[in-house]
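Please look through the two chains before reading on.

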Amino acid sequence: MHSDAELRHVIVEWLDDQYHFGDASSLIKSDEQSFLDTGVLTSLGFVQLVLFLEGKLHIVIERGALTRENFDGMGKILAFVRACRLR
Amino acid sequence: MDSDVLWNPDPAVASTSQLGAFQRFCERETGEALTSWQDFHAFSVRRFEDFWNLFLRWSGVRTSGEPSPVCTSRDVESARFFPNVRLSFTESLLSGAGVADEAAAIVVCSEGRPPRTVTRGELRSRVRRLARALTALGVGPGSRVAGLTSHDDDTIAVALAAVGIGATWSACGPELAADAAVARFSVFAPTHLVLSVQTPRADAGDEPLARARHVAARLPSLVQTLLIGPDAAAEAIAEALSNWPQACAPLAPLEQAQSDGAFEWPLFAFDHPLYALFSSGTTGPPKAIVHGAGGTLLEHLKEHRLHGDLGSTDRLYFQTSCGWMMWHWTVSALATGASIVTYDGSIAADGPDTLWRLASDTRVTALGISPSFVQYQRSTAVHPRRHDLAALRLVLSTGSILFDRDFDWLHEQLGPLPIHSISGGTDIIGCFVLGNPTLPVYRGESQCISLAMDVQAVADTDGGPDELVCANPFPSRPVAFLNDSDGTLRHEAYFAQRPGLWTHGDFVALRPRGSARVLGRADGVMKVRGIRIGPAELVGIVEALPEIEAAMAVAQDAPDEPGGARIVLLVVLREGEVLDRALTYRIKRAVRDGASADHVPSRVVTVPALPVTLNGKRSERAARDIVNGRTPANLAALRDPDLAARISEALRRE
């Protein structure tokens, strides 16, 4: 079980490995920031992130639940994953 | 001044160069106003038949027969040049535009022996005697003479003698593995084998002879092996050859028994088969390409005299070996009256500055190198100017892409000299893009398109860089492929992809100012997420990083990823560097910022070296096979076949 801090680290590291190459932390200025609007992730990137999290955390994320309201930002992703684990 | 300009020509050159002289000759003969390079090149393409006819006249090559028609059609695949003209390739090279017997022809350098100068007179005399000796041995039109030879005067003399009496010549250098030589010569089916021999060193066994025996025993077409070289008659050699598969004899006694009196060189048809060359194996099984005497001679004269301004005061050295087309290109420089330098040995024999010392000692005026040599020099912190290079007026490079940083290094080290990045290949025994004494040199670019070649950059429907094509016939297209009686292989190699065009297989960007930047081989293209990416687009960026010695990008099959492929970047690090996460990020950021996010490699792997062919060309094909878990199809053509296993191990580790 990962804490929120550990999960945040995992996501930032993935963003660095895949897209931002060491710049992810500086790009994410708050938990409320939209990843889509600020270029942290593209829609294809979101799909790749979901696949990564499913494999890493052994959870299943329903594709119908992949909305901006649920997933577009660090705070939303952490809350969504937490909820998935509780189910 | 444009910051990309590294060199500007002296304005007087336009009037004093051979290019300027020929341009004015064409003006007089045609009545056309050909005042600028652009005018002249456009003329040479639009009226290419007139161009070649005028060039044949202007160059002074002795011919017989009517130079009409110049070309049988305008079809790039089937047209034939000068079907009624006959000439002697050998006579033209020996003549050297009539240079005196006392002039130097070849300065012979080799590891462990002092330089030696062969004059024009000595070369002419020797080739005449050798031609008589070979004739006495039954060599003539239809004969195929193969050389397992060193880059020296003996090889040049015997090759010129053989082709002078109508035989076809093909050679492999000493660096080629025995089985690779067998693969080439089996297709060539030689009647005679010429073998450069040296007395076996006590510490080296008789490996070169064992290699030659291995080759000779596998060529059923051979009737005789002829030995050349300073030790060819040595007792130790004779003993080693006592059980040779065919008749075997030193050539020197046969040569010395002949008269060196006047010799009437026979004239052969323009398309008479002169050389058989083999593609490097970079892109598949070597193609066995036959080039004609007239096409080779005219193309080389054009490149040397017009694009390189080579003449009797020049001395050319090109880093090459007998099996590479640049050997043939170098030897042809004799036809301009220039002398050439040969070197048989390691480019590091006397340390990393060996070639600069050679250029200094032999007063080279035109020095031909390769991008891999420049990279090697950069890594060793060599300073060429510590040697006296006052005679040097021109640097040429070919073999692969000369990147911006390579131009910069040469410019920094050598000062204001023209750098000719020339590109074409074995297929045309010449160049599509090259240098020009009347135009500026721009960083990373070839100065111009070759005269009389309608080179165009054609967009591919899949996107990605443009491909180099040629839309008109030119004399140095192959006259045939071996084992291709109906021309199918030749058609497939150049014309099947785009009917009516020669598709060369290089990516190129043509600049509005007339220069060109070659972007790599089209067959090394990667298709990742549906986007075509030329490896050179990202390799140039990665190699500019100070931690990186060399890099190569290839596609790896990845069925689970979008598009089914990902980019793997193989990097050779400079000494003391480590590929940690920070460096990996720096590499990826540089690629993203310098090219695009689509170019960013999925994997970056450190490897001990990059796979290169025996010609020194990087082999993306071999790397692609290795990263996809296959044995390289061109393993026998690789300089270090064991490297494949070491790269596979690195891929498994990381």
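This is a predicted model: local features need pLDDT of at least 70, side-chain atom pairs count only at pLDDT 80 or more; totals for chains, interfaces and linings use all residues.

1. Residues are numbered from 1 along each chain as its sequence is written, and chains are lettered from A and ligands numbered from 1 in the order written.

2. Chain B holds 21 helices and 32 strands. Both are DSSP runs, numbered from the N terminus: helices are H or I of at least four residues, strands E of at least two. Its C-alpha trace spans about 70 × 65 × 55 Å along the principal axes. Of its 654 residues, 54% are buried (20 or more other C-beta atoms within 10 Å of the residue's own, with C-beta atoms placed from the backbone).

3. Chain A has five helices and zero strands. Its C-alpha atoms fill a box of roughly 35 × 25 × 20 Å along the principal axes. Buried residues make up 18% of its 87 residues.

4. The largest nonpolar core has 201 residues (buried Ala, Val, Leu, Ile, Met, Phe, Trp, Tyr and Cys joined through C-beta atoms within 7 Å). Ala161(B), Ala162(B), Val542(B), Ala551(B) and Leu570(B) touch the most other members. Helix α7 (residues 153-164) of chain B gives the most to this core, eight residues.

Definitions and conventions. A residue is buried if 20 or more other C-beta atoms lie within 10 Å of its own, exposed if 12 or fewer, and partly exposed in between; C-beta atoms are placed from the backbone.
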